[in-house]
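Dear colleague,

Please find the structure below, handed over for your attention.

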Amino acid sequence: MDVVQEYNVKVEAFEGPLDLLLHLINRLEIDIYDIPVAQITEQYLLYIHTMKELQLDVASEYLVMAATLIEIKSKMLLPKHDEELLDEEDEFEEYEEDPREELMNRLIEYRKYKEAADDLKEMEEERSHLYTKPPSDLSDLMRDVQPDEVRLDVSLYDMLGALQKLMRRKKIQKPMQTRITRQEIPIEKRMEELIQDLRQFKGRKHFYELFPESSKEYIVVTFLAILELLKKNSILLEQDNNFADIYVSYKEGGNEEIDYY
């Protein structure tokens, strides 16, 4: 029996469990002041499960948040006391606190800092284009310049969401009867195949097109290969709109050197 060595990848772009929750709230268009705990818990645990299947290092803070969500969910399921049955002594007791309130306040506070950080980053980007020099006549140099098309940053949460859809699609399309042959695919080899494929294609490829085979092992290896190429700055990932489909392209001048483990 072959022993499969785990290939662990630590992804620094994950900013923490609050960032993941905020991403889910935005993607599902949930009111942050009235969070449906059952739905958000299910989606959160699905992301954690996907990360574990990909052998990504899941920090303990993600697991703590998962336990917190499950605790809140259980409290929400408990029956509430009928106010008419309360004794007169209890009439002046404080109103029972919503189990979601602490989490909601943390998310609101985190969102404020995240938005402030985004604003500061945008201001820094705008200021980096400003230069000081004496005035001069540039009328002879003026020409129409078309601005570059704006591309949105693709987060790893977007990639995990796309991967979940891909795995569900592959599972539905899987034939009822099939013959499985085990084949080990080194991640380094898959990285080389992806680079060659994207370079020859000379354009943007849909994220799903990089997964021609439906086996779970092939999908996991391909996804990890994409992460490695992204870390090496060898490829570009783009979205035309928030939560839209992801496209992958070869990055000219990027690092193509592949480390063999």
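Gln 164 is buried, with a relative accessible area of 8%; buried means under 20% relative accessible area with a 1.4 Å probe, protein chains only. This is a predicted model, in which local features need pLDDT of at least 70, side-chain atom pairs count only at pLDDT 80 or more, and totals for chains, interfaces and linings use all residues. Residues are numbered from 1 along each chain as its sequence is written, and side-chain values use heavy atoms, with hydrogens and water left out.

Leaving aside neighbours within four places in sequence, Gln 164 is in contact (heavy atoms within 4.5 Å) with Leu 46, Tyr 47 and Thr 50.

Turning to the aromatic rings, rings of Phe, Tyr and Trp (its six-membered ring) pair if their centres lie within 6.5 Å; planes under 30 degrees apart count as stacked, over 60 as edge-to-face and the rest as tilted. By this rule there are two aromatic pairs. The ring centres of Phe 207 and Tyr 208 are 6.2 Å apart and their planes stand at 65°, so this pair is edge-to-face. Phe 207 also forms a tilted pair with Phe 211, at 5.2 Å centre to centre and 55° between the planes.

Methods
Buried < 20%, exposed > 50% of the residue type's maximum accessible area, 1.4 Å probe, protein only.
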